[in-house]
Amino acid sequence: MGMDMLVSAALEEVCARLSLGLPVTEMWTALSSVFNMAGLPMDLAVKRVLYARLIALPVISLVVEGVLAHPPRMDMEEAERYGARLLASRPLRDNFLGIYDHRCSASKLSDIQRKTLELIGASRCALLFSII
């Protein structure tokens with residue numbers, strides 16, 4: 001259950017970074033509280049398993065210097081060393097933003113509408129804290 005919680009939280013964090021992706025080196029700070037809630041240590045073994053589970057997902061790509069690594073053969077330490085980012089697929093990022101089945105819709109989002117939704121999605125924590 002604990003690793004499933006970590007994978008789910010990591011997926012959300014990757015989606016929240018939208019088209020920029022989540023640098024592997026930043027993932028650990030972003031998930032530090034989830035490690036505690038899951039009851040798992042933030043040690044090298046757990047990090048390696050989480051990283052491996054993420055890059056095994058077909059909706060996650062590994063990007064190094066703007067180029068997709070297909071297939072992602074880099075281990076976690078290499079990914080950190082080369083500044084790799086985890087990037088969610090476009091449909092998954094759209095779902096994160098609340099855009100469902102828009103490809104089948106007669107109406108299309110304008111660039112301004114999409115950018116607005118991305119800004120709202122990216123600031124999810126800031127919006128929540130400003131309301132509280």
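**Core, strands and salt bridges in a predicted model**

Student: Which residues does Leu50 touch, not counting residues up to four places away in sequence?

Tutor: In this predicted model, Leu50 touches Met3, Leu6, Val7, Ala10, Trp28, Leu31 and Phe35, with residues up to four places away in sequence left out of the list.

Student: And which residues have the most contacts inside the largest nonpolar core?

Tutor: Leu50 is one of them, together with Val24 and Leu86, and the core holds 29 residues. The elements that supply two or more residues to this core are H1, H2 (24–30), H3 (32–38), H4 (44–56), S2, H5 (76–81) and S4.

Student: Which element gives the largest share of this core?

Tutor: That is H1, with seven residues.

Student: Turning to the strands, how many bridges join S1 to S4?

Tutor: Two bridges join S1 to S4 (residues 85–88), and these strands run antiparallel. Pro23 stands opposite Arg85 in S4.

Student: What about S2 and S4: over how many bridges do they pair?

Tutor: S2 and S4 pair over four bridges, in the antiparallel sense. Here Ser61 stands opposite Leu87 in S4.

Student: New topic. How many salt bridges does the structure hold?

Tutor: The structure holds five salt bridges. In one of them, the side chains of Asp4 and Arg53 meet at 3.1 Å, N to O. This pair links distant parts of the chain, since Asp4 is in helix H1 and Arg53 in helix H4, 49 residues apart.

Student: What about Glu77 and Arg48: which helices does that pair link?

Tutor: Their side chains meet in a salt bridge at 2.6 Å, N to O. Glu77 is in helix H5 and Arg48 in helix H4, 29 residues apart. Glu77 counts as partly exposed at 23% relative accessibility, and Arg48 counts as partly exposed at 42%.

Student: Where do Asp94 and Arg90 lie?

Tutor: Both lie in helix H6 (residues 90–96), four residues apart, which is about one turn of the helix.

Student: Is Asp94 buried or exposed?

Tutor: Asp94 is buried, because its relative accessible area is 2%.

Student: Finally, the backbone. What is the phi of Leu18?

Tutor: The phi of Leu18 is near 50°, a positive value in a residue other than glycine. Most residues other than glycine have a negative phi. Leu18 is in the loop between H1 (2–16) and S1 (22–23), and counts as buried at 6% relative accessibility.

Student: And where does Glu65 lie?

Tutor: Glu65 lies in the loop between S2 (60–64) and S3 (67–68). Glu65 also has a positive phi of about 50°, but is exposed, with a relative accessible area of 73%.

Methods:
Residues are numbered from 1 along each chain as its sequence is written. This is a predicted model: local features need pLDDT of at least 70, side-chain atom pairs count only at pLDDT 80 or more; totals for chains, interfaces and linings use all residues. Side-chain values use heavy atoms; hydrogens and water are left out. Buried means under 20% relative accessible area, exposed over 50%, partly exposed in between (1.4 Å probe, protein chains only). Two strands pair if DSSP finds at least two bridges between them. A nonpolar core is a set of buried Ala, Val, Leu, Ile, Met, Phe, Trp, Tyr and Cys residues joined through side-chain atoms within 4.5 Å. Contact means heavy atoms within 4.5 Å. A salt bridge is a side-chain nitrogen of Lys or Arg within 4 Å of a carboxyl oxygen of Asp or Glu.
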